[in-house]
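Please keep the sequence and the structure in view while reading.

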Amino acid sequence: MVDHSTPVRELMTPAPITIGRAQTLSDAARRMHEHHIRHLPVLEGGYLFGVLSERDIDLVESLPDVDPDAVKVEEAMTQDPYRVGPDVTVGEVVREMAAHKYGSAVVMHEGRVAGIFTTVDALNLLAAVLAPAAGPQAKGV
């Protein structure tokens, strides 16, 4: 059974789709759309430099005179993403994400990106935990 003491490595998306910091916002948006994701760890030489979210792209693209084919990922990314080790409990990760309104946690192992845990993963966990307690009356609500 999965609960708050489960290591985040058991619930993360392993080997997430990433992007280089010199690529454009158009490249990032295309990659997110193709893979149905909302967060991209930003790497260079295999090392994490930031995280770019769909929301970051939307915000920058909403500015006047912005060309998403010219703006680089590093100009829109969050430079100091929330990072955790693979053995940190999902309870701790979720509490930190909620407290600081983080959309994702990048799971690091030996200095490299091992996975990503997002708010969608947290909601899936919540749904799994609540499902047995919800019973049949919750259907159709």
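What volume does the largest pocket have? In this predicted model, the largest pocket has a volume of about 390 Å³, and 18 residues line the largest pocket. The second largest pocket has a volume of about 240 Å³, with a lining of 14 residues.

**Largest pocket**

- Among the lining residues of the largest pocket, the closest to its centre are His-39, Ser-53, Tyr-102, Gly-103 and Ser-104.
- At least two lining residues of the largest pocket come from each of strand E4 (47-53), helix H2 (54-61) and strand E6 (104-109), and H2 supplies the largest share, which amounts to four residues.
- Sorted by class, the lining of the largest pocket comprises seven charged, six polar and five nonpolar residues.

**Second largest pocket**

- The residues that lie nearest the centre of the second largest pocket are Val-94, Ala-122, Leu-123, Leu-125 and Leu-126.
- Helix H3 (90-100) and helix H4 (119-134) each contribute at least two residues to the lining of the second largest pocket, and the largest share, six residues, is that of H4.
- Sorted by class, the lining of the second largest pocket comprises ten nonpolar, three polar and one charged residues.

**The two linings side by side**

- The lining of the largest pocket has five nonpolar and seven charged residues, whereas the lining of the second largest pocket has ten nonpolar residues and one charged residue.
- The largest share of the lining comes from H2 in the largest pocket and from H4 in the second largest pocket.

Note on methods: Residues are numbered from 1 along each chain as its sequence is written. This is a predicted model: local features need pLDDT of at least 70, side-chain atom pairs count only at pLDDT 80 or more; totals for chains, interfaces and linings use all residues. Side-chain values use heavy atoms; hydrogens and water are left out. On a 1 Å grid over the protein atoms alone, a cavity is a set of points where a 1.4 Å probe fits but cannot get out, and a pocket is an open set with protein on both sides within 12 Å along at least five of seven lines; lining residues have an atom within 4 Å of a point. Grid points are joined across faces, edges and corners, and a volume is the space filled by probe spheres set on the points. Ala, Val, Leu, Ile, Met, Phe, Trp, Tyr, Cys and Pro count as nonpolar, Asp, Glu, Lys and Arg as charged, and the others, Gly among them, as polar.
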